[in-house]
Amino acid sequence: MDNVVIRTESLEKTYKRKLKEEFIALKNLSLEIERGEVFGFLGPNGAGKTTTIKILVNLIFPSNGSAWILNKRCNDPDSRKHIGYLP
């Protein structure tokens with residue numbers, strides 16, 4: 001577990017829309033990325049790539065599940081000391 005730098009467990013994000021049903025942006029994402037790995041988010045529009053990144057950098061909050069960076073929860077400010085994000 002010490003080599004894992006990014007980890008998500010059952011990560012989900014649902015947006016509530018006015019006058020419409022809920023929109024599921026991310027459903028049940030579990031992954032582990034280890035130190036030294038090169039990892040890319042690939043997929044079609046609406047696949048949850050940006051949503052996942054925004055949860056990891058604490059710009060939005062998951063509806064369910066958990067995420068960690070360097071063994072610290074993403075809502076912990078210390079988790080973001082070693083990363084950069086430029087949208």
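**A tour by chat**

Biologist: Leaving aside neighbours within four places in sequence, which residues is I60 in contact with?

Modeller: With those sequence neighbours set aside, I60 is in contact (heavy atoms within 4.5 Å) with K13, Y15, T51, K54 and I55. Before we go on, please keep in mind that this is a predicted model, in which local features need pLDDT of at least 70 and side-chain atom pairs count only at pLDDT 80 or more, while totals for chains, interfaces and linings use all residues. Residues are numbered from 1 along each chain as its sequence is written, and side-chain values use heavy atoms, with hydrogens and water left out.

Biologist: Where does I60 lie, then? And is I60 buried or exposed?

Modeller: I60 lies in the loop between α1 and β3, where helices (H or I, at least four residues) and strands (E, at least two) are DSSP runs numbered from the N terminus. Its relative accessible area is 16%, so I60 is buried; buried means under 20%, exposed over 50% and partly exposed in between, with a 1.4 Å probe and protein chains only.

Biologist: How far apart are I60 and K13?

Modeller: In sequence I60 and K13 are 47 residues apart, and in space they are 9.1 Å apart, C-alpha to C-alpha.

Biologist: Let's change topic to the strands. In what order do they form the sheet?

Modeller: The 4 strands form an open sheet in the order β2-β1-β3-β4, with antiparallel pairing; two strands pair if DSSP finds at least two bridges between them. Because β2 (23–34) and β4 (72–73) stand at the edges with a single partner strand each, one side of each is left without a neighbour in the sheet.

Biologist: And which strands does the helix touch?

Modeller: Helix α1 (residues 49–56) packs on the sheet and touches β1, β2 and β3, and its direction makes about 115 degrees with that of β1. For that angle, axes are lines fitted to C-alpha atoms, for helices over the stretch in contact, and angles run from 0 to 180 degrees between N-to-C directions.

Biologist: How many bridges join β1 to β2?

Modeller: There are 8 bridges joining β1 to β2, which run antiparallel, and in this pair Y15 stands opposite F23 in β2. Strand β1 (residues 4–15) also pairs with strand β3 (residues 64–69), in the antiparallel sense over 5 bridges. There, E9 has S66 in β3 as its bridge partner, and R7 stands opposite W68 in β3.

Biologist: Tell me about W68: is W68 buried or exposed?

Modeller: W68, in strand β3, has 12% relative accessibility, so W68 counts as buried. Apart from neighbours within four places in sequence, W68 is in contact with V5, I6, R7, E9, R73 and C74.

Biologist: What joins β3 to β4?

Modeller: These two strands run antiparallel and are joined by 2 bridges, and I69 stands opposite K72 in β4. Their hairpin has 2 residues between the strands, and in this hairpin L70 takes a positive phi near 50 degrees. Most residues other than glycine have a negative phi. L70 has 30% relative accessibility, so L70 counts as partly exposed.

Biologist: What is phi of N28?

Modeller: N28, found in strand β2, has a positive phi near 55 degrees, although N28 is a residue other than glycine. With 47% relative accessibility, N28 counts as partly exposed.

Biologist: Last topic: how much space lies in the largest pocket?

Modeller: The largest pocket holds about 230 Å³ of space, a volume being the space filled by probe spheres set on grid points joined across faces, edges and corners. On a 1 Å grid over the protein atoms alone, a pocket is an open set of points where a 1.4 Å probe fits, with protein on both sides within 12 Å along at least five of seven lines, and lining residues have an atom within 4 Å of a point.

Biologist: Which residues lie nearest its centre?

Modeller: Of the 16 residues that line the largest pocket, I6, I53, L56, I69 and I83 lie nearest its centre, and the elements giving two or more residues to this lining are β1 and α1.
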